[in-house]
Amino acid sequence: MTAIQKRVIINGIVMVLSTLSAVIGLGFLFWILFILVSNGIEAMNWDIFLFEGAPPGYAESGLKQALVGQLIIVGAATVIGVPLGILAGTYLSEYGQRSKLAETIRDVSDIMMSAPSIVVGSFVYAVMVIPMGHFSALAGIVALTIIMLPIILRTTDDMLHLVPTTLREAAFALGAPKYKVVLQIVYRGAKAGILTGVMLGVARVAGETAPLLFTSFNDNYMSTDLFAPMASLTVTMYNYATSPYADWQRLGWAAAFILSMFILGLNIIGRLILLNKKGK
Amino acid sequence: MTHIIDKIFANATRLIAIIVLLITAWIFTVLFQESLLSMQTFGLDFVTESKWAPNLEKFGAFAAIMGSVISTFLAMVLAVPIAIGVAIFLSEIAHAKLKAPVGVSIELLAAIPSVIYGMWGLFYFVPIIRDIFGGIGIGMLTAGIVLAIMILPFMAAVTRDAMNTTPDILKESAYALGGTKWDVIKDIVIPYSKAGIIGALILALGRAIGETMAVTFVMGNVHKVSFDLTQPATSIPVTLANEFTEADTKLYFSSLFELALILLVISFTIISIAKFYFLRRTRRA
């Protein structure tokens, strides 16, 4: 066998192995997706949106409390986390720039983005749940906000950085003060990017379960009281899936399906916004 | 007037940015304070003893720490070769028409919440392991495999990004010299993006070790060190997820906080190494 033949054969083997691993990897992932969709669709019905959680065996059982709780917890975390994250990101890109402080904040946020979310849950447990004496939706909101902040901060920083300096200089030349340049020129230029960042950030925290386990805890009934425990789709899913009752497990799959569609939807729309922007 | 608003705006943004820093410091401080009692009571025994008996007020985290190490190691052993294969496929082999859809679907799968991987593992993977290896199907092996599947999309996506940093002109030169695809991959792409690939893998490791929900369903939360991987076991996040709402004494809580602190320090270190040692170097290059 000549050297060339040998190289061609080795090349062929590597091509096959690598394609095979792609097939195996994607195979597993699509298997999960298939299970999720088939179980989810089978479990979906209108009752899920109309009724609260009921004891197993009860016909009129749904996820209303978890859907409402999820909206409240993730919604409130978004309302608090997004403006704070955007302002902090604005500091990094527009004021701090390459300063030591800005670089440190970038580094720490980068690490916090990948840090275990259950640790954030235990932190919030220590500073909120123990002093208050009980679980509360508020504690869950704070936990998700802490997780969301570094994500929004870093995307805002990156997206503002993409706005051309000449635009800022043009505005400065017209005599605009810096805050106006930031608010009216830089933000406008980075609008699509920031929006995408926000959507991906929301999608990320919406799927968080671990930090809610011992902050907002769970509740089988509708509650809108921020100072009381509150159900979320993720914790409800965990509790129902680990229960031995078939109808609770079915509700668990429904929760998993609704949540995944929401998160995938946000991800897809976020990407489309960026693509659309680039296309122009 | 505008001068004042300008100052206020600048300082407000700076204050909020600093708050992000302070929260991180605060997390470390609080976890440290809360674990003081456990540190004083058990000292170093906490990390070397494996007896975890809440009823006896005896807490040793060795089993949980080993569980985290073993399950993450298993997951890495399984996921790394496949992730590298997928990354090579996506960056070098796949036809342009296939690259985008496969790449995007991998990224979308990385966005699926880990609790769903755990739920799938419990209902569909545990029975398979039970049939093949016997036992109850819940344990270290199952946890390692589910963790590997969960981390795979993220790992493949960042590894592919690292490989994609190789300039086309280098690859084209190698092809022009008569290199096969594999020659180009092993002599050009991998040497060029080595630091980035290692960084990507370590970053995935940092995520895997702190992952809670993918493993909580399938691990069993049993505080025992066993070399039989099919036996139920536990890890730091699994212990936290299962026992935080059950803890009833000060010492129990303190021990759990010490576990959380250990987990935070471990993952902080791993992620820092990935980000600052490997990934930063590629950015400069």
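Let's start with the largest cavity. Fifteen is the number to remember: 15 residues line the largest cavity. Nearest its centre lie A:Met112, A:Val120, A:Ile146, A:Ile147 and A:Pro150. How much space lies in the largest cavity? About 130 Å³. And how many cavities of 30 Å³ or more turn up in the whole structure? The search finds 4. Keep in mind that this is a predicted model.

Now the contact between the two chains. Chain A puts 81 residues into it, and chain B puts in 79 residues. Together, chain A and chain B bury about 7,100 Å². Carbon and sulfur atoms give 81% of that area.

What about charges and polar groups? Between chain A and chain B the count is 2 salt bridges. Here is one of them to find on the screen. Look for A:Arg271 and B:Glu107. Their side chains meet in a salt bridge, 2.6 Å from N to O. Polar contacts next. The interface of chain A and chain B has 11 residue pairs in polar contact, both residues at pLDDT 80 or more.

Next, inside chain A. How is chain A divided into domains? The assignment gives domain 1 at 3-43 and domain 2 at 49-279. The contact between them takes 7 residues from domain 1 of chain A and 7 residues from domain 2 of chain A. How far apart are the C-alpha centres of these domains? They lie 32 Å apart.

Stay with that domain contact. Domain 1 and domain 2 of chain A bury about 640 Å² between them. Of this, 82% is on carbon and sulfur atoms. What kinds of residue does domain 1 of chain A bring to the side that touches domain 2 of chain A? There are 5 nonpolar, 2 polar and no charged. The salt bridge count between domain 1 and domain 2 of chain A is 0. Polar contact comes to 1 residue pair across that domain interface, both residues at pLDDT 80 or more.

To recap, in two lines. Chain A and chain B bury about 7,100 Å² and have 2 salt bridges between them. Domain 1 and domain 2 of chain A bury about 640 Å² and have 0 salt bridges.

Technical notes
Residues are numbered from 1 along each chain as its sequence is written. Chains are lettered from A and ligands numbered from 1 in the order in which they are written. This is a predicted model: local features need pLDDT of at least 70, side-chain atom pairs count only at pLDDT 80 or more; totals for chains, interfaces and linings use all residues. Side-chain values use heavy atoms; hydrogens and water are left out. Domain bounds come from an automatic or database domain assignment. Contact means heavy atoms within 4.5 Å. Buried area is the accessible area (1.4 Å probe) that two parts lose on being put together, summed over both. A salt bridge is a side-chain nitrogen of Lys or Arg within 4 Å of a carboxyl oxygen of Asp or Glu. A polar contact is a pair of N or O atoms within 3.5 Å; within protein, one must be able to donate a hydrogen and the other to accept it, and residues adjacent in sequence count only if both atoms are side-chain atoms. Ala, Val, Leu, Ile, Met, Phe, Trp, Tyr, Cys and Pro count as nonpolar, Asp, Glu, Lys and Arg as charged, and the others, Gly among them, as polar. On a 1 Å grid over the protein atoms alone, a cavity is a set of points where a 1.4 Å probe fits but cannot get out, and a pocket is an open set with protein on both sides within 12 Å along at least five of seven lines; lining residues have an atom within 4 Å of a point. Grid points are joined across faces, edges and corners, and a volume is the space filled by probe spheres set on the points.
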